[in-house]
Amino acid sequence: MSLYDRMRQGALAQDADTPGLDELVHFGLIVDNVFKPGAFLLADPFQAWRHNVVQQRAALEGVAHRLTALERLFATLPVSSEPAAAGITYLASKDEANGAITKALGRARRFVYTAHPMTRTKRTMELSLPRDIEYLDRGLALRTIYTSEARTRSAEGDWAKQVTSRGAEVRTLKGRFHRMVLIDDTAAIIADHTNTENAETAWEVEHPGLLAFLAEVYADQWRRADPWLGGREDNPKAGTLTTPMTRSILRGMGAGRTQAAIATDLGVSRRTLTNHLTKLYELLGYEPGDQFRLGKWWATSPESSLD
């Protein structure tokens with residue numbers, strides 16, 4: 001801009017290596033004076049602006065056209081039931097998915113974590129109960145996430161009461177979340193997002209890098225979910241006053257972040273964040289909004305060291 005201002009004031013002759021000269025030529029703000037080598041003419045800024053906009057719009061339209069063509073091309077290709085890559089297998093039916101889950105569960109040694117954003121039938125829950133109790137008796141950790149509406153449905157409720165009495169943990173989550181089954185660090189069954197019209201297709205993942213990513217996705221969903229049955233958060237007097245969610249909120253507040261920023265960080269609404277804090281205020285016997293007392297309690301609470 002400094003060079004452009006000088007040239008507007010009459011300094012139209014410039015050395016070829018003058019800093020900024022190439023940039024002005026690139027944007028079309030100046031053009032070569034063919035009658036005076038080394039001298040330039042000022043272009044109409046409005047025309048230069050229009051030229052750049054048209055050029056960039058054409059480039060974007062070209063990219064959009066190529067993306068559309070690629071989408072159409074790959075939509076015509078058949079989906080193979082063979083592994084799409086090392087450690088990833090396509091499951092073309094509900095039977096294939098159930099078979100993969102059963103096989104992976106047979107190897108389980110540490111935990112089984114599941115997330116079910118869809119309604120589960122009473123028959124499904126009855127068939128699942130003895131199998132899940134068997135896993136718990138084997139010493140496996142069992143965690144399950146249901147939709148918030150599951151609290152009003154008897155099928156999930158009856159199942160949850162029985163498995164949590166044996167040590168399982170169940171939480172509920174509002175809104176959309178991802179359906180998955182994680183088994184140890186060795187296998188995961190996830191929904192098929194390439195075929196939204198068929199809810200029975202799925203993918204089996206055994207790739208270590210993708211398994212680590214899915215574990216992070218599940219951990220985030222679990223942290224945002226509300227404890228329902230099982231786990232120490234279910235009875236604050238017998239366990240803790242805070243939940244993983246409220247601990248994340250308090251750590252953000254301790255770092256000086258606003259509640260709006262914390263809500264964005266955690267992927268929840270401002271109202272959800274406020275509701276979690278209100279419950280904690282009630283448990284502590286503090287007036288809602290008394291952040292000074294809350295901060296003082298949190299600073300000395302042993303719960304601040306929990307995950």
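1. Which residues of β9 lie on one side and which on the other, and are they buried or exposed? A202 and E204 sit on one side, W203 and V205 on the other, and all of them are buried, so both faces of the strand are covered. Buried here means under 20% relative accessible area, exposed means over 50%, and partly exposed is what falls in between (1.4 Å probe, protein chains only).

2. Some housekeeping before going on. This is a predicted model, where local features need pLDDT of at least 70 and side-chain atom pairs count only at pLDDT 80 or more, while totals for chains, interfaces and linings use all residues. Residues are numbered from 1 along each chain as its sequence is written, and side-chain values use heavy atoms, with hydrogens and water left out. Helices (H or I, at least four residues) and strands (E, at least two) are DSSP runs, numbered from the N terminus.

3. Now the partners of β9. Two strands count as paired if DSSP finds at least two bridges between them. Strand β3 (residues 88–91) runs antiparallel to β9 and is joined to it by four bridges, with T89 opposite E204. β8 also pairs with β9 (residues 202–205) in the antiparallel sense, again over four bridges. Here I189 faces E204, and I190 stands opposite W203.

4. Moving on to β8 (residues 187–191): four of its five residues are buried, leaving the strand mostly covered. β7 (residues 180–183) pairs with β8 over four bridges, in the antiparallel sense, and M180 is set opposite I190. The two strands make a hairpin with three residues between them, and D184 in the turn has a positive phi of about 50°.

5. The parallel pairing is worth a look too. β4 and β5 run parallel and are joined by six bridges; F111 has A141 in β5 as its bridge partner. β5 is largely enclosed by the rest of the structure, because five of its seven residues are buried.

6. Y113, in strand β4 (residues 111–116), is buried at 18% relative accessible area. What does Y113 contact, leaving aside its neighbours within four places in sequence? With contact taken as heavy atoms within 4.5 Å, the partners are A141, R143, M180, V181, L182 and Y218. A39 is another matter: Y113 and A39 are 74 residues apart in sequence and 72 Å apart in space, C-alpha to C-alpha.

7. On cores: a nonpolar core is a set of buried Ala, Val, Leu, Ile, Met, Phe, Trp, Tyr and Cys residues joined through side-chain atoms within 4.5 Å. The largest one has 30 residues, and those touching the most other members are Y146, W159, V163, V170, I189 and W228. The elements giving two or more residues to this core are α4 (94–106), α5 (122–137), β5 (141–147), α6 (154–164), β7, β8 and β10 (226–229). Another core, of 17 residues, lies apart from it and includes I262, A263, Y281 and L284.

8. Salt bridges next. With a side-chain nitrogen of Lys or Arg within 4 Å of a carboxyl oxygen of Asp or Glu as the rule, the count comes to 10. E156 and R153 form one, with the closest N and O atoms 2.9 Å apart; E156 is buried at 0% relative accessibility, whereas R153 is partly exposed at 22%. R131 and D132 form another, at 3.7 Å between the closest N and O atoms, with R131 partly exposed at 34% and D132 buried at 5%.

9. One more salt bridge, R224 to D220, comes in at 3.1 Å, N to O. The two are four residues apart in helix α7 (residues 208–224), so about one helical turn separates them. R224 is buried at 16% relative accessible area, while D220 is partly exposed at 27%. Salt bridges with shared partners join D220, R223 and R224 into one network.
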